[in-house]
Amino acid sequence: MKRSIPLAITFLTGVFLVVSFFVPHEPFGALEQRLLIWFSIVSGFTMLLGVDNLLRSHGRKIGRRNPGWWHSVVLLIGFAATVVLGVLGRIHHGSPFHMQSPFMFVYTYTIVPLQGTMFALLAFFIASASYRAFRARNTVATLLLVSAVIVMLGRVPIGAAISEFFPAAQEWIMDVPQLAAKRGIQIGAALGAVSMSLRIILGIERSYLS
Amino acid sequence: MGSPVVMVIGTWLAGFLTLAILSFLYKDNPFYKLAEHLYVGVSAGYWLIYVAFFDVEPMLIDTFMTETGVEKWLILIPGALGLIMLSRWFPRTAWLSRWPIAFTVGIGAGLGITANLQGYVVPQVEATLIPLSGWNLVSLSNLILIVGVVTTLLYFYFSKPHKGVLGGAARVGVVFIMISFGASFGYTLMARISLLIGRLYFLLHDLLHVLD
């Protein structure tokens with residue numbers, strides 16, 4: 001029962017979704033939309049598990065006074081303050097996402113700069129990685145180097161100032177060879193996902209039950 | 001949130017956090033650690049509120065409160081599955097959480113078939129069936145595109161050894177893949193640099209008022 005019921009649930013939900021896609025009539029027609037709403041609700045509850053895991057992990061660090069435990073205190077304070085401000089925004093403004101809500105202060109002045117700077121920081125690490133990766137050791141490595149340089153130069157004003165070739169070549173690379181390989185990879189990955197989905201629905205792939 | 005004092009405090013807070021993250025370029029330090037952990041905590045809180053407000057409240061609670069008849073009671077099924085998911089907190093009943101997991105995996109698998117075929121395979125194949133009429137640059141580009149798609153797919157075909165015609169096609173596929181990776185790399189780097197310029201502009205314009 002511990003394995004057969006979950007396997008049956010997976011089979012039935014998977015088959016219902018596929019059937020409702022191909023049979024857009026009652027009772028299957030509205031089933032897809034209903035199952036997607038149910039999926040969102042169940043997924044919402046999984047957020048609680050994730051948050052619980054995060055809080056427990058950092059609570060343990062604080063309790064054991066692990067090195068850097070005060071970082072965990074900052075994390076917990078940040079989490080608690082955001083949730084409290086979200087709830088206050090819901091109570092006082094009808095929505096935490098109302099522009100006057102204090103929750104949006106956290107979003108605008110904390111999450112946006114932290115996220116933006118975190119990703120901007122990657123520019124330096126990507127540049128450092130490119131120094132190691134972009135070495136013309138053989139023909140294909142040279143192709144990697146040349147296409148990256150053309151795309152980088154073609155997307156900034158200095159590229160056009162050097163030569164009109166760079167913007168035009170950049171556009172052609174993005175529209176033809178880059179698109180071709182990306183399309184091939186996407187088709188391959190999608191077919192792989194379809195076969196994996198079939199394996200899951202038919203109960204051949206069961207690793208999610210362990 | 002709109003008062004000038006609040007905006008000034010917010011701008012200084014954002015400026016401090018921006019500099020704290022950028023300080024990692026020197027080395028790992030307490031300011032970076034503080035900003036990093038704050039980011040994780042605040043993001044977790046943000047997404048919890050987001051999910052509660054946009055998913056659970058309108059789809060579950062509001063539906064239960066407003067709907068009548070069968071719909072009112074049907075919506076309790078995902079609610080119950082959600083609560084069963086929380087059985088992982090109790091070791092004796094943790095196995096029950098496989099039911100909602102199986103439900104979400106089943107939905108994901110069902111979508112994995114229909115959405116991938118409808119959203120990726122068919123449109124991408126359709127977009128590759130392009131005209132090769134006449135001797136001009138457009139036809140040449142189209143031919144290169146078709147050759148690129150087919151040879152890239154053949155490169156990832158591992159059911160036969162890459163020898164003979166298949167090996168030759170796979171080698172052509174590698175050329176396209178490397179050009180694509182290089183282009184994607186350059187594109188990503190420029191996007192990150194654009195973000196960096198945005199953060200530097202914030203520091204120099206919004207915080208320090210050095211730039212107009």
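A salt bridge is taken here as a side-chain nitrogen of Lys or Arg that lies within 4 Å of a carboxyl oxygen of Asp or Glu. The model is a predicted one, in which local features need pLDDT of at least 70 and side-chain atom pairs count only at pLDDT 80 or more, whereas totals for chains, interfaces and linings use all residues. Residues are numbered from 1 along each chain as its sequence is written, chains are lettered from A and ligands numbered from 1 in the order in which they are written, and side-chain values use heavy atoms, with hydrogens and water left out.

The interface is described here by its residues and its area. With contact defined as heavy atoms within 4.5 Å, chain A contributes 116 residues and chain B contributes 112 residues. The size of an interface is often given as the accessible area that is lost when the parts come together. Buried area in this sense is the accessible area, found with a 1.4 Å probe, that two parts lose on being put together, summed over both. Between chain A and chain B about 10300 Å² is buried, and carbon and sulfur atoms give 83% of this area. Of the area that chain A buries against chain B, 7% is supplied by A:W38, A:Y109 and A:R183, which is more than any other three residues supply.

Polar contacts also link the two chains. A polar contact is a pair of N or O atoms within 3.5 Å; within protein, one atom must be able to donate a hydrogen and the other to accept it, and residues adjacent in sequence count only if both atoms are side-chain atoms. Between chain A and chain B there are 16 residue pairs in polar contact, with both residues at pLDDT 80 or more. On the side of chain A that touches chain B, at least two residues each come from helix 1 (4-22), helix 2 (31-63), helix 3 (69-93), helix 4 (102-133), helix 5 (139-154), helix 7 (165-175) and helix 8 (177-201) of chain A. Helices in this account are DSSP runs (H or I, at least four residues), numbered from the N terminus. Helix 4 of chain A gives the largest share of that side, 25 residues. The residues of the side of chain A that touches chain B comprise 76 nonpolar, 29 polar and eleven charged, where Ala, Val, Leu, Ile, Met, Phe, Trp, Tyr, Cys and Pro count as nonpolar, Asp, Glu, Lys and Arg as charged, and the others, Gly among them, as polar.

The side chains of A:R34 and B:E71 meet in a salt bridge at 2.9 Å, N to O; A:R34 lies in helix 2 of chain A and B:E71 in helix 3 (residues 70-74) of chain B, so the pair joins two chains. Residues are called buried under 20% relative accessible area, exposed over 50%, and partly exposed in between (1.4 Å probe, protein chains only). A:R34 is partly exposed at 24% relative accessibility, and B:E71 is likewise partly exposed at 33%. A:R90 forms a salt bridge with B:E57, with the closest N and O atoms 2.6 Å apart, and this pair crosses between chains from helix 3 of chain A to helix 2 (residues 30-66) of chain B. Here A:R90 is partly exposed at 34% relative accessibility, whereas B:E57 is buried at 17%. Within chain A, the side chains of A:E205 and A:R199 meet in a salt bridge at 3.8 Å, N to O; A:E205 is buried at 17% relative accessibility, and A:R199 is partly exposed at 36%.

A:S147, in helix 5 of chain A, counts as buried because its relative accessibility is 2%. The side chain of A:S147 reaches the backbone oxygen of B:I179 at 3.1 Å. Leaving aside residues up to four places away in sequence, A:S147 touches A:I173, B:M178, B:I179, B:G182 and B:A183.

Backbone angles draw attention to two further residues. Most residues other than glycine have a negative phi. A:R65, in the loop between helix 2 and helix 3 of chain A, has a positive phi of about 50 degrees although it is not a glycine. A:R65 is exposed at 53% relative accessibility, and a polar atom of its side chain lies 2.8 Å from the backbone oxygen of A:I62. B:H209, in the segment after helix 7 (164-207) of chain B, has a positive phi of about 55 degrees and is exposed, with a relative accessible area of 63%.
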